Amino acid sequence: MIASYELAVIGAGPAGMEAALAAAAAGVETAVIDGHPAPGGQVYMPLPAGFEASRPAGEETEGERLSRRLDAAPLARLWNAAVWGIFPDESGSGWSIALAGAEVPRRIHARLLILATGAYDTPVAFPGWTLPGVLTCGAALTLLKNQRIAPFRRVLVSGTGPLVLSAAAHLSAAGVAVAGVCEANRFSRRALRHAPTLLRESRRLGEGAGYLSRLLLAGTPYRTGWSVVEASGEGRVEKAVIARLDAAGAPLPGSERNVEVDGVIAGYGLTPNRGLAQMVGCRLEYLPQKGGWAPWRGENLQTSLPGVYCAGDCAGIAGAENSRLEGQIAGTAAARELGKITAQQAEDFSRRVRPAWAQQQRFARALAELYPLPPGLVSLLQEDTPLCRCEEVTLGAVKQAVAAGAQTLGEVKMLTRAGMGNCQGRMCERPVTAVLLRELGAGAAPETTGSYSVRPPLHPVPIGSLLEDEDS
Amino acid sequence: MRIKVTSKLLPEVRRGKPLRVAVNGKWVDAYAGETVAAVLLAEGIQVFRHTARARAPRGVYCGMGLCYECLVTVDEVRAVRACVTPVADGMRIEIDAEPAL
Ligand SMILES: Cc1cc2nc3c(=O)[nH]c(=O)nc-3n(C[C@H](O)[C@H](O)[C@H](O)COP(=O)(O)OP(=O)(O)OC[C@H]3O[C@@H](n4cnc5c(N)ncnc54)[C@H](O)[C@@H]3O)c2cc1C
Ligand code: FES
């Protein structure tokens with residue numbers, strides 16, 4: 001017998017945890033699923049099992065509070081459970097969810113879905129970006145905060161947005177020499193326009209200011225309008241080159257400087273992890289202010305597909321607080337759709353939560369305007385720079401494909417194999433799109449070059465589970 | 001390197017139980033809860049594998065199981081993502097660290 005639920009929440013970061021809590025509190029039979037061994041997602045990722053924080057008893061972090069509430073709630077918790085496919089149920093009454101993991105069922109069934117799969121660092125390609133020693137901000141922060149590993153002795157941190165400062169400050173706290181921090185954007189009068197919105201988030205501003213002052217006190221060179229333009233070394237990073245960027249984000253010739261480092265941490269904003277939403281057939285929109293392709297959503301966070309909701313960063317980058325609110329909104333909407341609460345109750349809830357949500361959305365828009373992904377970074381690429389890491393497809397090969405008539409990501413993929421590897425194009429979609437837009441020139445836009453398609457299995461799974469699946 | 005200094009940003013943490021894993025046959029120290037990637041990086045190993053075509057070196061990139069750059073062999077299972085796989089006592093990890101085949 002396949003376990004069946006009224007609602008499956010996929011992802012247990014702040015969005016998924018809140019969604020599951022809201023739905024369960026309304027009496028919805030809920031399963032919450034995450035590939036990690038414990039709930040938390042990116043911001044609230046707990047220490048690994050076996051590690052212990054030594055701090056005063058009774059002191060609880062926000063993430064611990066949420067996961068304690070989740071543990072006490074009447075719902076099914078499936079951890080170490082990676083969702084590799086979601087299929088319409090044959091009976092037409094919901095979804096069949098395929099799981100990979102040693103101790104979880106292979107399939108569960110759910111009538112409604114809330115997808116809360118989070119985000120990942122936006123990959124920006126530059127010569128040497130595939131060398132061991134080049135890590136994303138996310139990778140560095142997880143190693144530092146969660147694993148307590150300092151991966152390098154001396155690093156350069158380059159990118160744009162709040163995670164750049166966070167990564168640099170944590171590296172410095174771990175005893176790593178931070179040879180420099182490059183923030184690709186310059187701050188201008190644009191910032192002033194958003195001052196009222198930004199100032200209302202004083203805690204987060206304070207956090208950023210704390211990171212910056214820590215770095216400046218340590219004498220770390222902090223440059224705005226600069227970026228890493230190359231990493232090089234024999235088999236691993238030994239040197240990085242940085243350069244000043246022009247207004248479009250292209251490096252200014254003659255401004256290059258060498259930095260001796262054994263690591264480069266690169267974080268150019270975040271990209272919604274929209275794979276599952278796309279796989280089930282939710283219509284996507286290109287939202288540059290929200291990190292790229294993301295599922296279209298209505299005001300209750302429903303997608304274009306009946307019965308499927310998306311909450312948190314997987315539907316557009318807006319931070320942890322926003323994810324929590326969206327989780328509550330989607331969980332409540334699902335409870336309403338299942339008839340567990342009255343229209344009046346849903347309305348009352350909505351009136352309470354929407355002002356805070358609107359403020360988080362304004363804050364996210366302000367950050368997106370202050371820290372856009374500079375389009376000129378595409379000019380860092382050399383003919384032999386790999387764009388697709390999995391299939392080792394270079395800029396030169398992609399340009400040849402364009403010369404042969406390719407105008408979309410799908411066509412580039414057919415001609416070059418870019419995007420066909422294990423990562424299903426998550427790492428090269430951005431770099432290949434940037435090249436397509438440059439090569440095709442006027443008239444080309446992300447809406448015309450498109451996105452990579454997503455097929456099950458989302459992650460490679462043991463052959464056994466696929467075969468068994470065909471039998472059933 | 002395992003972080004020894006503590007501060008407000010990275011307060012003190014006790015690691016899990018000590019255990020041993022073999023990296024290409026050589027036994028090294030590890031702690032319960034660490035990932036394969038963390039243990040390799042703590043040993044100063046950055047190069048986890050070489051690519052099929054260009055034999056280009058690769059290691060950790062995304063650190064969250066999405067890029068498939070950190071693939072190693074664990075207890076004879078090939079293509080395991082080091083960044084999301086916890087170590088276990090007696091685990092045998094094989095990396096492909098030499099540029100020449
Ligand atoms: C390293 C890092 C640090 C960050 N720090 C901050 C910060 O300090 N403040 C801030 O506001 N924002 C921060 N962010 C942004 C962050 O993404 C969001 O704020 C927040 O974590 C988003 O919450 P979420 O619930 O939408 O997604 P996440 O917290 O990313 O949670 C998504 C969850 O879905 C699970 N999942 C995804 N796909 C599957 C699948 N196929 N099967 C099973 N489970 C799956 C993942 O394992 C994960 O646990 C950070 C992001 C990163 C990458
Ligand atoms: S580093 Fe990306 S999957 Fe492990």
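Guide: The account below begins with the ligand and then turns to the helix, loops and strands.

This is a predicted model, in which local features need pLDDT of at least 70 and side-chain atom pairs count only at pLDDT 80 or more, while totals for chains, interfaces and linings use all residues. Residues are numbered from 1 along each chain as its sequence is written, chains are lettered from A and ligands numbered from 1 in the order in which they are written, and side-chain values use heavy atoms, with hydrogens and water left out.

Ligand 1 is surrounded by 30 residues, and the closest are A:Asp34, A:Gln42, A:Val43, A:Val83 and A:Ala320. A residue counts as near a molecule or strand if one of its heavy atoms lies within 4 Å of it. By class, the shell holds 14 nonpolar, 14 polar and 2 charged residues. In this scheme Ala, Val, Leu, Ile, Met, Phe, Trp, Tyr, Cys and Pro count as nonpolar, Asp, Glu, Lys and Arg as charged, and the others, Gly among them, as polar.

Polar contacts can be listed next; such a contact is a pair of N or O atoms within 3.5 Å, and within protein one must be able to donate a hydrogen and the other to accept it, with residues adjacent in sequence counting only if both atoms are side-chain atoms. The side chain of A:His36 has an N or O atom 3.2 Å from an oxygen atom of ligand 1. A polar backbone atom of A:Gln42 lies 2.9 Å from an oxygen atom of ligand 1. A polar backbone atom of A:Val83 lies 2.9 Å from a nitrogen atom of ligand 1. On its own, ligand 1 has 980 Å² of accessible area, and the protein covers 88% of this. Accessible areas come from the Shrake-Rupley method with a 1.4 Å probe, and for residues only the protein chains shown count as cover.

Helix 1 (14-25), strand 5 (82-88) and helix 9 (319-337) of chain A are the elements that give two or more residues to the shell around ligand 1. Helices (H or I, at least four residues) and strands (E, at least two) are DSSP runs, numbered from the N terminus. Helix 9 of chain A gives the most to this shell, with 3 residues.

Buried means under 20% relative accessible area, exposed over 50%, and partly exposed in between (1.4 Å probe, protein chains only). From C-alpha to C-alpha, A:Gly327 and A:Ala23 are 9.6 Å apart in space, although 304 residues apart in sequence. A:Thr332 is also found in helix 9 of chain A; at 11% relative accessibility, A:Thr332 counts as buried. The side chain of A:Thr332 reaches the backbone oxygen of A:Gln328 at 2.7 Å.

A:Asn80 is placed in the loop between strand 4 (76-78) and strand 5 of chain A. Phi of A:Asn80 is near 55°, a positive value in a residue other than glycine, and A:Asn80 counts as partly exposed at 42% relative accessibility.

Another loop of chain A, between helix 14 (446-449) and helix 15 (463-471), contains A:Pro457. The peptide bond from A:Pro456 to A:Pro457 is cis, with omega near -5°. At 25% relative accessibility, A:Pro457 counts as partly exposed.

Chain A also has an open sheet of 3 strands in the order 13-14-15, with antiparallel pairing. Two strands pair if DSSP finds at least two bridges between them. Strand 13 (226-232) and strand 15 (257-260) of chain A each have a single partner strand, so one side of each is left without a neighbour in the sheet. Strand 14 (residues 239-244) of chain A is joined to strand 15 of chain A by 4 bridges, and A:Ile242 stands opposite A:Arg257 in strand 15.

In chain B, strand 2 (residues 18-23) and strand 3 (residues 26-31) pair in the antiparallel sense over 6 bridges. These two strands form a hairpin with 2 residues between them, and B:Asn24 in the turn has a positive phi of about 45°. Strand 2 of chain B also runs parallel to strand 8 (residues 92-94) of chain B, with 2 bridges joining them.
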